[in-house]
Amino acid sequence: MKRIAEFQKVSREQFTEAWLKNFPLSGGADGIYDSIKLPQRATSGSAGYDFYAPADIVLKKGESVLIPTGIRAKISDGWVLKIYPRSGLGFKHRVQLDNTVGIIDSDYYNSSNEGHIMIKLSCTAHDDGHRVLLEAGSGFAQGIFIEFGITEDDCAGGVRDGGFGSTSAKQK
């Protein structure tokens with residue numbers, strides 16, 4: 001197997017800012033930051049690296065939640081990290097990513113937000129009043145590294161500086 005990436009934590013400051021923006025009533029982020037787990041594969045045959053909830057998070061039917069993971073990925077050129085929900089959450093509770101599949105490009109690592117991977121989930125459960133508890137430290141998403149190619153006439157020259165939708169924002 002090729003080793004093409006490395007997971008790291010974002011800075012405490014970056015995580016705290018993102019956490020408090022999305023969970024302002026949580027009472028702070030210091031203890032949460034210290035308990036962030038880097039993504040891991042569960043078995044040697046697993047393709048996906050599990051992303052773990054940094055704290056207890058409740059997801060109610062019909063609601064979305066943006067989860068700052070505290071994680072960034074340093075990825076070799078020619079590779080991308082694709083983020084999916086854990087299959088059990090989708091099957092049991094109809095939890096899904098709001099953007100269906102998250103795409104983390106190799107140049108995202110150098111963004112002004114330190115390449116902080118944020119995962120937005122929604123719950124579309126069948127029954128009313130349904131809620132899902134993502135317990136701190138439990139896997140809620142998985143990332144799979146995929147190699148990709150480019151066209152013979154490719155001449156991309158854009159510069160990334162941000163998250164969602166930022167690749168088309170700035171062209172050289």
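Student: What joins the side chains of D153 and T151, and why is it called a polar contact?

Tutor: In this predicted model, a distance of 2.9 Å separates the contacting side chains of D153 and T151. The cut-off for a pair of N or O atoms is within 3.5 Å, so the pair counts as a polar contact.

Student: Why is D153 called exposed rather than buried?

Tutor: The relative accessibility of D153 is 63%. Exposed means over 50%, therefore D153 falls in that class. As for its location, D153 lies in the segment that follows β11 (139-147).

Student: What makes β2 and β11 a pair?

Tutor: Four bridges join β2 to β11. Pairing requires at least two bridges, so these strands pair, and they run antiparallel. One of the residues involved is Y52, whose bridge partner in β11 is G139.

Student: Which sheet contains these strands, and what makes a strand of it an edge strand?

Tutor: The sheet is open and has four strands in the order β2-β11-β6-β8, with antiparallel pairing. β2 (49-52) and β8 (102-105) each pair on one side only, and they are the edge strands. On average, neighbouring strands of this sheet are turned by 30 degrees against each other, direction ignored.

Student: Which residues of helix α1 are called buried, and what do they pack against?

Tutor: In α1 (residues 12-22), the buried residues are Q14, F15, T16, A18 and W19. They are called buried because that term means under 20% relative accessible area. The buried residues of α1 pack against α2 (30-34) and against the strands β3 (57-60), β4 (64-68) and β9 (118-123).

Technical notes
Residues are numbered from 1 along each chain as its sequence is written. This is a predicted model: local features need pLDDT of at least 70, side-chain atom pairs count only at pLDDT 80 or more; totals for chains, interfaces and linings use all residues. Side-chain values use heavy atoms; hydrogens and water are left out. Buried means under 20% relative accessible area, exposed over 50%, partly exposed in between (1.4 Å probe, protein chains only). A polar contact is a pair of N or O atoms within 3.5 Å; within protein, one must be able to donate a hydrogen and the other to accept it, and residues adjacent in sequence count only if both atoms are side-chain atoms. Axes are lines fitted to C-alpha atoms, for helices over the stretch in contact, and angles run from 0 to 180 degrees between N-to-C directions. Contact means heavy atoms within 4.5 Å.
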